[in-house]
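Please examine the sequence and the structure shown here before reading on.

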Amino acid sequence: MKNIERIISIIIAAALTSTGNVFAYAAEKKNPAVNSIFFPNVNTEELDAEYLSENGKNKIVLCENGASDYTIVVPDACSNSLFEAAEILREVIKEMTDTVIPVLRESEKRESGRIICIDTALNAPRPDDNGIADGYRTVIGDSGIFICGVTEAGSRNGVYGFIEDVLGCMFLSPDDTFIPKHDTLYLEKTDTIVKPSTLWRDVYAYETVQNNWAAKLRLNGINVEADDPNLSIEELQYEQWGTWCHNCYQYLSPDDYFEEHPEYFSEKNGKRVTEYDGRDAYLCLSNPEVFEIVKNSLAQKIKENPEQLYWDFSGNDNSSLAGCECDKCKAADKAAGGTGMGTLLPFLNKLAKAFPDKYISSLAYLHTLKAPKGIKAEPNVVIKLCSMPGDQASSYLDGANANAKEFKTQVEEWSKITDKIVVWDYVVNFSHLLMPFPNFAVQAENQKFYENNNIIGIFHQASREKGGEFACLRAYVLSHLMWEGSNMDVAECVSKYITAYFGSSAPYIIEYMNLCASELYTSGKPLGLYDGLMNHYRGYLSPENIRKYEKLIADAKTAADDPISLSRLEEIELSVAYAASLQPEISEAARQAALNTVNEICDTKGITMVCEWESLESFNQSSLSNTVKAEKHGLRLPYYIGAGIGAAFAAIAAGAFVVLKRKRKRKQ
């Protein structure tokens with residue numbers, strides 16, 4: 001009897017303690033796989049480049065007290081982008097020192113005075129290649145300053161490198177450049193060669209294509225020569241690439257061939273199809289006639305655009321169809337370890353042999369993601385590898401959580417097959433472009449991982465929409481990291497940028513960034529590309545933390561001493577207000593106040609999208625309320641479940657109690 005009563009007591013206690021609490025453990029469980037970072041405070045004086053005002057034995061005088069005998073000289077036939085770089089150098093020196101140095105074509109050069117010679121002006125020789133790519137050589141000496149690359153693009157990079165690395169400036173955004181002030185400029189005599197850590201570099205973001213900022217960031221994956229202001233971000237991307245991705249029908253179109261040759265297209269359930277589940281299907285790559293048609297089509301494309309170096313041949317974007325399922329294709333894929341690369345990579349190798357002076361590329365994606373067994377890539381085959389699932393809180397170098405480890409393994413397996421990989425990296429929250437996304441901690445280690453594994457190019461996909469969270473800072477850091485390499489101190493780079501951009505308010509923004517980063521680290525949560533606020537509601541986006549962020553932004557605004565700084569602070573205020581508006585446990589008045597802030601700032605800055613597929617207007621009309629409703633339900637769900645379990649236990653206990661009473665009566 002006592003044992004039964006004890007069991008009933010345990011059941012009731014379990015029911016009471018389980019309500020809500022059993023779920024709290026899972027939410028608070030720590031994961032040491034998340035990378036950490038700390039941003040130091042940087043004084044504005046540290047950005048003043050005082051070394052430029054210090055004379056010495058090994059120095060030359062570029063300008064002194066508003067006067068200079070230098071002339072900037074460019075080749076007569078230089079491109080618009082190189083001439084623009086020379087003019088920006090002139091404007092920077094003028095703003096730094098109030099000294100005007102003219103920019104002249106070499107045929108206009110005056111007879112006297114010294115020169116800043118850019119590219120091959122005045123018959124200056126180009127440096128030997130030696131793996132410099134679009135890097136450059138800079139010589140600063142008594143006879144003048146010479147900046148020249150192996151290519152004109154390298155010379156342009158050299159000019160912008162001179163402005164940043166020698167003169168101490170920072171290209172903070174498409175419209176903002178930090179320029180220290182000096183009466184006199186003393187430059188150290190030097191002869192240096194600078195080359196990029198990554199061969200092909202792109203940050204896909206709205207901001208990088210504005211006002212030719214990509215050129216100043218020394219990116220070479222964006223067309224900086226375009227003179228049409230109406231070109232879209234898509235039309236300016238993928239510089240050096242004749243074709244980019246998901247394009248097999250551009251080589252062999254169903255419109256042209258399916259009626260007479262259905263065997264050229266993918267088989268599914270015994271039928272040849274050009275579409276499946278509402279999306280384009282694939283080609284039958286085991287068919288030799290398909291190869292000949294694709295080869296001839298590629299030859300024509302190359303003839304029409306001979307300057308393009310990379311040519312991609314990839315399957316269409318269809319997650320419901322694993323390539324062609326005819327007997328030959330299935331057998332080849334099975335022999336390669338169950339990957340669509342069993343048919344695709346041999347096809348690419350044949351194209352590569354047919355066009356040895358071009359790089360032939362393809363996406364490792366969906367059914368072709370896995371590296372094949374027993375097949376090596378030709379030397380001029382490039383594999384574009386998408387970093388999914390990935391994780392923006394744990395580096396690929398460590399591979400310490402499941403998602404990061406999966407991508408790490410993919411890269412390492414592919415690096416055994418080819419020494420030419422382009423990583424397609426994802427670096428923002430595509431579901432919530434405005435929400436805080438503290439992913440700077442992993443970037444240097446990711447870059448090191450790329451350097452260790454045959455990565456020749458990186459395509460950092462950020463937001464194509466205007467005004468994403470820390471959009472300019474993220475583009476700046478990633479661009480410099482691809483150029484300088486993994487030895488770059490990301491924390492110091494971020495802190496210098498914040499100080500240069502926000503001035504007297506910078507300490508509060510650095511504290512805000514440290515709090516975001518440390519709270520993410522403490523939570524141990526992964527940082528996904530489609531995370532909602534609730535993924536981090538017990539972490540860096542908790543109500544308590546959002547209140548702290550709001551206080552830091554208020555303090556930063558109080559410390560701001562000019563309208564420009566206040567306008568820049570609105571970029572951070574927008575992110576915090578957006579997160580605040582999504583909180584499920586605040587009053588509707590508080591939510592509306594946060595939403596008003598979001599709308600006011602977006603209106604001021606011309607921001608119209610909150611995610612890749614939803615407008616701010618839609619967010620106001622329905623999405624916000626629907627999201628909050630779902631969040632509230634998610635918060636209550638554990639309690640509903642707990643209450644259900646409690647009720648079930650209580651029913652069991654009550655039943656047991658009734659049984660006991662009946663037994664007692666029978667005994668009496």
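Where in the chain does Ser-266 lie? The model is a predicted one, and in it Ser-266 is found in the loop that runs between α8 (254-257) and β13 (267-268).

Is Ser-266 buried or exposed? Its relative accessible area is 0%. Buried means under 20% relative accessible area, so Ser-266 is buried. Apart from its neighbours within four places in sequence, Ser-266 is in contact with residues including Lys-271, Arg-272, Val-273, Tyr-282 and Cys-324.

Tyr-282 also belongs to the lining of the largest cavity. In total, the structure holds seven cavities of 30 Å³ or more.

| Cavity | Volume | Lining residues | Composition of lining |
|---|---|---|---|
| Largest | about 230 Å³ | 21 residues | 11 nonpolar, nine polar, one charged |

Among the residues that line the largest cavity, Tyr-282, Leu-285, Gly-315, His-367 and Thr-368 lie nearest its centre. The elements that give two or more residues to this lining are α10 (327-335) and α11 (341-354).

Which helix gives the most to the lining of the second largest cavity? That helix is α16 (residues 506-523), with four residues.

Terms used. Residues numbered from 1 in each chain as written. Predicted model: local features only at pLDDT ≥ 70, side-chain atom pairs only at ≥ 80, totals over all residues. Heavy atoms only, no water. 1 Å grid on protein atoms, 1.4 Å probe; cavity = no way out; pocket = protein on both sides within 12 Å on 5 of 7 lines; lining within 4 Å. Points joined across faces, edges and corners; volume = space filled by probe spheres on them. Nonpolar A, V, L, I, M, F, W, Y, C, P; charged D, E, K, R; others polar. Buried < 20%, exposed > 50% of the residue type's maximum accessible area, 1.4 Å probe, protein only. Contact = heavy atoms within 4.5 Å.
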